[in-house]
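Here are a few friendly notes on backbone geometry, for you to read with the model open.

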Amino acid sequence: MKNIREIALEEHHDFVGAKMGMWLFLLTELILFTGLFILYAMYRVRHAAEFHAAATELDVVIGTINTLVLLTSSLTVAVGIEALKRRNRKLAKWMVLLTVLFALTFLVNKYFEWSAKIHHGIFPGADELLSRSQGEIIYFNLYYAMTGLHGLHVLVGMGILLWVYFLIARKPSEKVVVAPPNIEYLKGAQLIASKGEQERWVIDEIKDDVVEVEVVIKKDPKKAGVDIPNIIKLENAGLYWHLVDIIWIFLFPLFYLIT
Amino acid sequence: MASHAIDVQNAQENYLEVKGRWSGILSWIFSTDHKRIGILYLVSIAFFFIVAATIGIFMRLEQLTMGPTLMKPEVYNRLFTLHGVIMIFLFIIPGIPAILGNFFLPIQIGAKDVAFPRLNLLSWWLFMIGATLAILTLFLPGGLPDTGWTFYAPYSIRTGSEVSLAVFAAFILGFSSILTGLNFVTTVHRMRAPGMSFFRMPLFVWALYATAWIQILATPMVGITLLLIIVERLLNIGIFDPTQGGDPILYQHLFWIYSHPAVYIMILPGFGVISEIIPTFSRRTIFGYKLIAFSSLSIAIFGSLVWAHHMFVSGQSDLANIIFSFLTFFVAIPTAIKVFNWVATLYKGSIRFEPPLLFALSSIFLFSIGGFTGLMQATLPINVHIHDTYFVVGHFHYTMFGGTIWALIAGILYWFPKITGKMYNKKWIYVAWAFMFIGFNTLYGTMLYMGWKGMPRRYYDHLPEFHTDHVIATVGSWFLYTGILILVSTLIYAVYRGTKADANPWGGTTLEWKTSSPPPLENFEKEPVVEHEPYYHEEAIR
C-alpha cells in the first residue's frame, strides 16, 4: 500500500490588496511631484512675465509630438491589459512591447530637445543662463528639474514594462515548493499527480535526505491561456504608466503652452 | 509562474524555533515573518538609539565647562546634526510602528502576516542601507554634515560637509517609511480576521493606521525637497539658491510640510501603546473608544495643517502667522481628548500597578508638560521671545523623548513576555525608572528654564550666567543615561535568563494575548473569530 499524503494547496493572492498597494504608491508619487508643482506655482506668480518670455524658447512641436506619443502609449498598455484579461497572450505581448517603444521614442525626443538647449548654453549653472533675469533662470532650472524627474520615471516605467513583458512571454506554469519545515511531512511518502481517478505519474518514495521538493506544472499556452498573477502585475504596471503619462499632461502646458 | 505555499499544520512551534530555508543570522535578515522583521528593527533601532544617546552625552559634557574643552565648535555642529539625524530618521520615526507595529499589528487583527511580507523585508533593508549611507559620511573627506537635521537652504547647498550623501540617506529612509505605511494600510483593510470590524480593532491598530496615512501622504514631500537639495549641490539646478532667484523660505515650507506631520508619525503610535496598556491594567474597558480612535485621525488631519508654526520669525506674513498659530492650538483638542479618556479609564478601575503602567503614566505626565510648553510656543508673542532657545529643545525632548520613547519603553515592557516568552526582573525596571525619571526632568526641565532665560540652542559654549544651569543639566544626563543602561541590560539579561512567562501575564484582552508566548509562525493555531469589542474584561463584569 502506498504511503499517500494529501497536501492542501493554498493560493496567497489578494488582487484587491495588490491593487490597493499600487494606488497608495501612486498617491505618494503624485505628492512627490506636487512639491515641484507648488514651487512652480510660487515662482510663476512672482515672475509671470519672465516665465512667459522663457517659455517661447521651448520647441512646441517636439513637445506636442511627445504628448501624442505618451497618450498613444497609454492606449497601447490599456489594450495590452484587456488582451491579457481575455487570455490573448500574443496581443498582450505586442502591446506591451509597443508601449516600451513609445517610451523610448519619448526619451529620444527629450534627448534631442535637451541637447539643443544645452548647445545654446541654457543649462543649470551655465554663464549664458546666469546672465539672464532671475525669473528666467528659475524657469529653466524648474524645467530641468521637473522634466528630468519625469524622464527618470519614464525610464523606470520602461523597466517595469519590460519586466512584465518577460513574465508574460514565459510559458505559463505553476510551481509548488515544499521546503523546510513542511518537508518533514512528506518524508517517507510518494507524490502522485492525479486527475479524477486517473493517475498521471507517481514518483519514488521521498527519502530522509531530501531537502526540498519542487513540482512544476506546465500549462498548455493555447488552452490554459495565462498565469493569473501576471494580469495583476501588468495592470499595476499599466497604472504606473498612466501616472507617468498624466504628469506629462500637466508639465506640457505649464512649460510649453504658457507663451 | 505562480508559486504556491504548502500549508501543513505543524505541531505548534513558536516563531523563534521554526527552521526555515536559512539558518543562523540569515534566518533573520532574509525572513519575511513580520515578527522576525519586528525584532530586526528592534535590535537595529536600539543600537542607533544608544549611539545617538552617547553623542548627546558628549554634547552635554562639552557644556559642563565654558570654552572649548572636549571639542571645537565645528565638531559640536556635526555632533548635534548627527544626534538629530539618527534620533529622528533612524530611531523615533520608524520606532514604534516598525518594531511593535510590525510585531503586533497583524496579530491584533488576527492575521497571519502583513499584506506584503516581502515588501516588509525590503523596508528593513532600505532602512539599513539608508543608515549605512548616513554613517558613511563620517569617513568621507567632507565629514559629517554640519547643518542641523533640518538641512536648511542655502547653507546646506554651500557647506563643504557631505550633505548630499546624508540627504540621500534620509531620502532612502523616507522610502522605507512609505513602504511600511503602505503595507500597514493595506493590511488593515484586507487582512482582518472574521468579526474584526473597524470598531473592534484595538486602539493601537487605529493609531498605526492613522500614522500609516501620514507616512504615505507627507513623506513624499520631504522626499522631493531632499532630492532638490541633492540636484542643487551636484548639478547646480538652483531652486532655493537666492543668487539664482530661488527662495530659501520655500525650502522651509516644503521641509516642514513633511516634518511637522512627522512628529505625529512619532507620537501617535505612542498614544496607541498607552491606549492598550491603560485598560489592561485598570481591568476595565477603555473610556471613549470611538473618541480615541477618531482623535488619532483628527490629529493626523489637523497636524498636517500647522507646519508654518516653525517659521514664525522667518519673515512670513502676519496673517499666515495668525492662522498657523490658531490651527496649532486646535491640535491640542484631540490630544487632550485622549488624555482625559485615559484618566477616565483609570477612574474606578481595579488598577494593578506593574512596570508597563508606570512607564505609560510617566509618558502621559511628561508629554503633558511637552504639550503645554508647545502651546506656549504657539502663542505668537511668546514664540518671538523663546524662538531658537533651549526652551524649544526642552519642549521637543519632553514631547518626543518623554511622550514617544517612554511609551515605546512601556510598550516593550508590556509585550516583552509575548515577544520572548520570558519575564524580566521587575525590581530592576523600577530602579531604571527612578534613574530615568529623575535624570530626565533634571536635564530637560533645566533646559526649559535656561531657554526661558535666553540660552540659545546649537551653541557649543555658554555665558557665565548659564553655567550653573548647564552643570545641573549635564548631571541630569548622567542619571538618565545610567537609567537607560540599567533598563537595557535588565531586558537583555531577561532574554537569556528570564523566568518563563505565561501566555497572558497581564490579563490582556486583545488577540495577541489569546495565542501562545512566543506566538507560532502563523500567529494562531486556527484563525480567530472576533465576537467582542477589544477591551472586554469578562471577570470584571461581576
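Strands here are DSSP runs of E of at least two residues, numbered from the N terminus. This is a predicted model, so please read the points below as computed from it.

1. The bond that joins Ser517(B) to Pro518(B) is a cis peptide, and its omega is about -15 degrees.

2. Another cis peptide bond runs from Ala153(B) to Pro154(B), where omega is near 0 degrees. Look for Pro154(B) in the loop that links α5 (117–136) and α6 (155–158) of chain B.

3. Next, have a look at Arg283(B). Its phi is positive, near 55 degrees, although the residue is not a glycine. Arg283(B) belongs to the loop between α9 (248–282) and α10 (289–303) of chain B. Is this residue buried or exposed? Arg283(B) has a relative accessible area of 14%, and is therefore buried, the cut-off being under 20%.

4. Asp388(B) is also worth a visit: this non-glycine residue has a positive phi, near 60 degrees. You will find Asp388(B) in the loop between α13 (380–386) and α14 (390–420) of chain B. The relative accessible area of Asp388(B) is 41%, so the residue counts as partly exposed, a class that lies between the 20% and 50% limits.

Key
Residues are numbered from 1 along each chain as its sequence is written. Chains are lettered from A and ligands numbered from 1 in the order in which they are written. This is a predicted model: local features need pLDDT of at least 70, side-chain atom pairs count only at pLDDT 80 or more; totals for chains, interfaces and linings use all residues. Side-chain values use heavy atoms; hydrogens and water are left out. Helices (H or I, at least four residues) and strands (E, at least two) are DSSP runs, numbered from the N terminus. Buried means under 20% relative accessible area, exposed over 50%, partly exposed in between (1.4 Å probe, protein chains only).
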